[in-house]
Amino acid sequence: MRLLQLSLRTLLVYSLILVILSIPVSLFSIREILNEEVDENLEVQASQFLDHIKGFTYLDDLETDLEVLDQLSYNIHIKPSDGHHEQSHFETITVFDSLEQENHPFRQLSSSVDIKGKPYMLTIQMSLVDNDQLVLVISLVQTALIVLLIAGLLFINRSLSRKIWKPFYATLNQLKAYELDKSKTIEPEITNIIEFDDLNKTVSSLTDRTRKVYLEQKEFIENASHELQTPLAIFHGKLDLLMQSPTLSEADAATLSELESTAKRMSRLNKNLLLLSKIDNEQFIDKEEVDLDKLVLDLLTNLRPVAELDHIPIAYNASVCMLNCSRALIEVLLTNLFHNAIRHNIPHGKVVVELKEQTLQVSNTCPPLKMSPEKMFERFSKENGSINSTGLGLSIVRKICDTCGYELNYNYKDAMHHFIVRF
Amino acid sequence: MKILIIEDEKELVKSMAQYLRQESYVCEIAYSAREAKEKITVFEYDCILLDINLPDGNGLQLLEMLKEAGKTDGVIIITAKNSLEDRVQGLNLGADDYLSKPFYLPELSARVSAVIRRKQFEGNTRLAFHEINVDLLGRTVSVNNNFIDLTRKEYNLLIFLLSNKNRVASKNAIAEHLSGDDAELLDKFDFIYSHIKNLKKKLTEGGANDYIKTVYGLGYKFGL
């Protein structure tokens, strides 16, 4: 749920409750105000009426007149009372209107008065607004209010999310697309909203800092590998010199040979690390037309004698495939895939290389993986402690595929590992 | 044969010089670009081993200077940066070969002798060791004027061993020389053994002495 939807929902619920509550409250208060007004009117009428009557000094047959008045008037009733004095009071009554065949509410003032020494009961009535009508009108008004409120809130919400949240979504999209090793920096637009500017500033400084650390680390790996090359060269040189000594015992010779193999392994590791960081630093930018078919053929020709030592035949199903890429990179990619297929194989196994429609498939016989295929492409993940493997070959393959935008897939089928590169 | 080693890493220079002197090359040494400049302008060398990263300058500038002066000294670039651009730039500037650190000394020796041979091609396209004669242009080998038929690998192996006469070439160095990067696939050295065996057999059957000695546990040595 979006932030705005959440606040909108809360707002809507709150205003709905408020509007519904306001119906009885306003009904009640309007009723009260109306009653007060009507009561005042009734009082004024009653006192005017009594004042009037008092003015008549000569009317002896007032009784008859009052009776007539009582009969004729609809709103005013005056009747002789039994002398029991009653406090004047207001009440709301319902009168049946025979004409309209329905009940109407009336406000009525009853008061005991003395006219010429005789006790009378004066009742004055005034029609009130029909309750039902009042409820109806108020409900209508409030319903209209609700509709307008919801429509307004929805509209404001939409335009708000479009306008105000725009910079937020822009930053969010940049963050989503951000790749540490590719994107440069996040450049948020300047808004006039403090929170967003704050957020953008934080995001920018965070990504800049992360990127800086990443670059430093990358540089460190490259520098470390570089710096290691010379000591390794010295080490190799001294070993080669030591081998020339005519007084070496057999045991010394064996030790020397092992030392040299270890030094060789170190150099290979170092070279591969350097290669990885070079690919990272995009130092292979020169592109050219490469005849993949010819390149595969050349590499396999060199590899076959080596593979045959382990009795691993390499089959190649050729087809024409031209690529526009860095020749050096593609060579590294192919070499690593082929080496992998030969190294991780069984005696008398086989390697099948197939080039078809911009897709290269390298398959080799080998028992299934014990680790997850994802892990296989990670640096230094080796399944068996093969001394001759640096554990970097496949991660170089993946790095090259990532850099060049090739699709790299792996599956295990028919007792063979298949590596598929789609160019 | 005079060789100039331009390299600031003293221990490395020591090893290189010591190894190359065994091939009876005369080695001079420059530890800086300034020193190297002085030597280059005054003397002629058959081969210059040039490190690109020098404390007081870039080796490629030295190379440029050398070519502008019209010198014909053979140049092998040696660098810790195994970068393609450097390699291409170096070769474009007229370097004869390129060797990245770390390297085997027998490999260095083989490259040096190849460069020197190429420089002297006009007069000498032959490599001889007693009764063995190698025609470098035709890539043929003869023993007592009888041609013997060698495979490409065996021929390369022979040249490599001849460039490292009387010194031990380790199995690792031979494997890398013969198979390049593919050598890393080989944890056994059976294939070197079989190449050596075949070469030995062909040479002795052709009437040559058995010059290839097995140095137990280490590698092979070509010599008397």
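Which residue of chain A forms a salt bridge with B:Glu11?

1. The partner is A:Lys238, whose closest N–O approach to B:Glu11 is 2.8 Å. A salt bridge here is a side-chain nitrogen of Lys or Arg within 4 Å of a carboxyl oxygen of Asp or Glu. Between chain A and chain B the count is 2 salt bridges.

2. On provenance: this is a predicted model, in which local features need pLDDT of at least 70, side-chain atom pairs count only at pLDDT 80 or more, and totals for chains, interfaces and linings use all residues. Residues are numbered from 1 along each chain as written, chains are lettered from A in the order written, and side-chain values use heavy atoms, without hydrogens or water.

3. At the interface, 38 residues of chain A are in contact with 40 residues of chain B (heavy atoms within 4.5 Å). The buried area is about 3600 Å², with 58% from carbon and sulfur atoms; this is accessible area (1.4 Å probe) lost on putting the two parts together, summed over both.

4. Across the interface of chain A and chain B, 11 residue pairs are in polar contact, both residues at pLDDT 80 or more (N or O atoms within 3.5 Å, one able to donate a hydrogen and the other to accept it; residues adjacent in sequence count only if both atoms are side-chain atoms).

5. Within chain A, the axes of helix H7 (residues 292–308) and helix H8 (residues 327–343) come within 11 Å and cross at roughly 35 degrees. Axes are fitted to C-alpha atoms over the stretch in contact, with angles from 0 to 180 degrees between N-to-C directions; helices are DSSP runs (H or I) of at least four residues.

Methods
Helix = DSSP H or I, 4+ residues; strand = E, 2+ residues; numbered from the N terminus.
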